[in-house]
Amino acid sequence: MKSASKPQLASVEQPFGGTPPRPHCPICGRAVLRVDDDGLTHADPCRHLAFVFVGEVGDFEYRSPDFTRRTAHRRIHDLDLTRLRTLLVNAGYGNGLLALEITYGGMACGPVWYTDVYGFDYGVGGEEEGKEGGSEGGGGA
Ligand SMILES: [Zn+2]
């Protein structure tokens with residue numbers, strides 16, 4: 001068995017002071033983060049979202065059932081980016097996984113930079129196509 005295929009990493013950096021990232025799933029287009037009325041951010045996963053890793057705390061905001069199963073016996077807390085990348089390989093993800101690493105900075109008590117990572121699993125089957133259920137109002141901008 002070859003292990004030539006690895007999880008694919010994309011590392012991008014936003015201009016300092018930009019708004020925190022609001023990524024959309026590259027597979028189905030869903031916004032995977034939602035901001036509530038109090039300004040708090042929550043994961044709003046589609047079925048392709050494997051995980052949301054928050055660099056500020058070194059922990060996961062969201063883990064899919066599949067990701068949870070793959071990492072059941074592995075360390076998933078207090079991680080840095082290097083450990084996270086290793087974890088993805090050890091979890092058995094191949095090049096069907098896109099890990100989008102977004103670094104962004106702003107002012108807190110001083111300038112701070114964070115890197116959040118969003119994992120999208122292209123290996124998720126598409127059998128349930130057309131069973132979306134929700135009628136999004138959206139459109140336009
Ligand atoms: Zn999706």
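How many bridges join strand β4 to strand β5, and in which direction do the two strands run? Four bridges join them, and the strands, residues 49–54 and residues 59–63, run antiparallel. Strands count as paired here if DSSP finds at least two bridges between them.

## Model and confidence

This is a predicted model, in which local features need pLDDT of at least 70, side-chain atom pairs count only at pLDDT 80 or more, and totals for chains, interfaces and linings use all residues. Residues are numbered from 1 along each chain as its sequence is written.

The mean pLDDT (the predictor's confidence in each residue, from 0 to 100) is 88 for the protein, and 86% of its residues reach 70 or more. Over residues 130–140, pLDDT stays under 50, and the model has zero contacts there beyond four places in sequence. Two residues are in contact if their C-beta atoms, placed from the backbone, lie within 7 Å. Where pLDDT is low, the predicted coordinates should not be read in detail.

## Overall fold

The protein has two helices and seven strands, in the order β-β-β-β-β-α-α-β-β along the sequence. Helices (H or I, at least four residues) and strands (E, at least two) are DSSP runs, numbered from the N terminus.

Among contacts with a separation of 6 or more, 47% are between residues 24 or more positions apart. Of the 141 residues, 20% count as buried. A residue is buried if 20 or more other C-beta atoms lie within 10 Å of its own, exposed if 12 or fewer, and partly exposed in between, with C-beta atoms placed from the backbone.

## The hairpin of β4 and β5

Within this pair of strands, valine 52 stands opposite tyrosine 62 in β5. The hairpin has four residues between its strands, and glycine 58 takes a positive phi near 65°.

## The nonpolar core

A nonpolar core is a set of buried Ala, Val, Leu, Ile, Met, Phe, Trp, Tyr and Cys residues joined through C-beta atoms within 7 Å. The largest one has 20 residues, of which Ala50, Phe51, Phe53, Leu88 and Leu97 touch the most other members. At least two residues of this core come from each of β4, α2, β6 (97–107) and β7 (111–121). The most come from β4, which gives five. Beyond its neighbours within four places in sequence, phenylalanine 53 is in contact with Phe60, Leu84, Asp116 and Val117.

In α2, the buried residues are Leu84, Leu87 and Leu88. They lie on the same side of α2 because they cover an arc of only 100° around the axis, the arc being that of the directions from the helix axis to the C-beta atoms. The cover over the buried residues of α2 includes β4, β6 and β7.

## Histidine 48

Histidine 48 lies in the loop between β3 (41–43) and β4. This residue counts as buried because it has 21 C-beta neighbours inside 10 Å. Leaving aside neighbours within four places in sequence, histidine 48 is in contact with Cys25, Ile27, Cys28, Phe120, Asp121 and Val124. Its C-alpha atom is separated by 8.1 Å from that of glycine 123, 75 residues apart along the chain.

Aspartate 78 is in the loop between α1 (65–70) and α2 (81–90). Its phi is near 55°, a positive value in a residue other than glycine. Most residues other than glycine have a negative phi. Aspartate 78 is exposed because 9 other C-beta atoms lie within 10 Å. Just after α2, glycine 92 takes a positive phi of about 90°.
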